[in-house]
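This briefing covers the aromatic rings of one model. Please have the sequence and the 3D view open.

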Amino acid sequence: MLDTTGKGWYPPRGTVQLAMTSMPDGESGWAACCTNCGWRITGRVKTAVADEKRFHRCPPGTRGALPACPVCSSTVRRCYRDSGAGDWHEARRRIYDEATRGPEEA
């Protein structure tokens, strides 16, 4: 089922791929996979698999993936800021730090 809620983190650009594949019954189909977190889905209809690819989000804390900024909605490496102070808003930094903190730090 297509999840359009946007939960999870945005995978690095180019890590989610769409390709033709063979299905278990020998017919051809389509597969989308994320080389960042290992997510994979297959289907017969290209547009359905392409939609899954477009809405894919890696689990929070996945190395290389980025959380969306709650302040400016940025999903890329840098936040949208008027001033040049820092790369991320403090709220985004907190989300990232909480998800990537090790068990000994908790």
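Does Trp 9 count as buried or exposed? At 4% relative accessibility, Trp 9 counts as buried, where buried means under 20% relative accessible area, exposed over 50% and partly exposed in between (1.4 Å probe, protein chains only). The model is predicted: local features need pLDDT of at least 70, side-chain atom pairs count only at pLDDT 80 or more, and totals for chains, interfaces and linings use all residues. Residues are numbered from 1 along each chain as its sequence is written, and side-chain values use heavy atoms, with hydrogens and water left out.

**Aromatic pairs**
- There are two aromatic pairs in the structure (rings of Phe, Tyr and Trp, the last by its six-membered ring, with centres within 6.5 Å; planes under 30 degrees apart are stacked, over 60 edge-to-face, the rest tilted).
- Trp 9 and Tyr 96 are stacked, at 5.5 Å centre to centre and 20° between the planes.
- Trp 9 lies in the segment before strand 1 (16-22) and Tyr 96 in helix 2 (residues 90-100), so this pair ties together parts 87 residues apart in sequence (helices, H or I, of at least four residues and strands, E, of at least two are DSSP runs numbered from the N terminus).
- Trp 88 and Tyr 96 are edge-to-face, because their ring centres are 5.4 Å apart and their planes at 80°.

- One aromatic cluster is formed by Trp 9, Trp 88 and Tyr 96.
- Tyr 96 is partly exposed at 27% relative accessible area, whereas Trp 88 is buried at 13%.
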